[in-house]
Amino acid sequence: ESRGASIHALSLHMQDFVKILGLKHRREVAGKSAIFSGEHFILEETDWYLLNLFRLWWHYGISFLRLQMWVEGVMEKFMRIYKYQAHGYAFSSLEELLHSLGGDAFINMTQRSVAESLLEVGVTQRFVDDVIAAVLRSSYGQSVLVPAFAGAMSLAGAQGSTWEVEGGNKLVCSGLLKLTKANIIPARVTGVSLHSSEGRALYQVHYEGSEGQGSAFYDMVVVTTPLHPRRSNFTFENFEPPIADFPGAFQPSVTSVVHGYLNSSYFGFPDPKLFPFASILTTDTPELFFNAMDNICPVNISAAFRRKQPQEAAVWRVLSQQPLDKQQLKTLFRSYYSVQVTERQTYPRYDAAKSLPPIVLHENLFYLSGVEWVASSMEMIAVAAKNVALLAYNRWHQDLEKIDQKDLMHKVKTEL
């Protein structure tokens, strides 16, 4: 699953990862985008930057500038987390983390919609319905009713400055894992049970592998699977009070990779040679059966690589909430050679979120994936992972002055 659209500040640190792991920056392949309403394109990107700005101004006034100022304001405060973590500070709850970055305003951004927040700063309803809705349908598969913080993270990535790694972004994860020299047990964890040793908590992790069932004891455990109904299938034993699933649901997401000839007539281009777009976003229109589609390139880009001409067979990725039936495929493609379909429950369904999950489940039992209910992206998971590592370290060594501290900006400046 690619979450490149949600990377922002992580891209600033990707160069460090590349140097450490010996990876290369994937060469970008030019391609224009457009927003489709179900009947026609309401906004089209051109090859000229100034013309694109003029079209945005002509259709939406200064809404795009207000959007940019709002997103940059959020991200400027969010970037504080890297300074805090560089000095070893950690947070025992998502609320404490958010409050340290942006005060009550950041916490409130998890409870109010991105549409409400943008309208409040002067973005027009038309811009929200056309542009913001299209970006969120492409990234989260949801509407402008997603929480403002999650929306800000998604919109930040949509403005560019993202990174992709030659060979696939997964090489960052596999490379970092190899760098840690961790002892990896190739098995599926089925449960965690609580024991005690000399007055301290001891956790027995049960798992099933190719050689059967097994278990091992640990002083600390980090749970990364979502602990929500119908998502996790492992149990917690001997905990009092019991650790139960957290409320909430996940958004169905279907990715169809189609190798075929685009039906450009459906998009208003009878002559396929004249179709200019490599990426198509969509507005929140009931008749539309897909969220977005784009002409995708290989993970390895050679110097001689070029996109297929619009009249040629190409590989397209179509994002939708339900699997595409044959009639829908025929609507999008004149003909096709193959279709590969992957169904996932990728992102939280944000309208089902009532409260943020905890980070600390027990004394030294931590939960990582709750951060997705703030915003779901590679960057948020990376930040949450480092926070859990620092939190576990500081709690183990009883360095309480590094946990949930107030006025951290002043403390960090003082330490510098």
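This is a predicted model, where local features need pLDDT of at least 70, side-chain atom pairs count only at pLDDT 80 or more, and totals for chains, interfaces and linings use all residues. Residues are numbered from 1 along each chain as its sequence is written, and side-chain values use heavy atoms, with hydrogens and water left out.

Start with the whole. The chain has 12 helices and 14 strands (DSSP runs numbered from the N terminus: H or I of at least four residues for helices, E of at least two for strands). Its radius of gyration is 23 Å, close to the 22 Å of the globule rule for 416 residues, so the chain is as compact as a globular protein of that length. That radius is taken over C-alpha atoms, and the rule is 2.2 Å times the number of residues to the power 0.38. Of the 416 residues, 48% are buried, meaning under 20% relative accessible area with a 1.4 Å probe, protein chains only.

Now turn to helix α8, residues 148-158. Here 10 of 11 residues are buried. Among them are Phe 149, Met 153 and Leu 155. The cover includes α3, α5, α6, α7 and α11.

Next, the loop between β9 (277-282) and β10 (292-295). Leu 288 is found there. Is Leu 288 buried or exposed? Leu 288 is buried, because its relative accessible area is 9%. Not counting residues up to four places away in sequence, its contacts (heavy atoms within 4.5 Å) include Phe 36, Arg 137 and Tyr 266. Glu 363 lies 75 residues from Leu 288 along the chain, and their C-alpha atoms are separated by 49 Å.

Methods: Buried means under 20% relative accessible area, exposed over 50%, partly exposed in between (1.4 Å probe, protein chains only).
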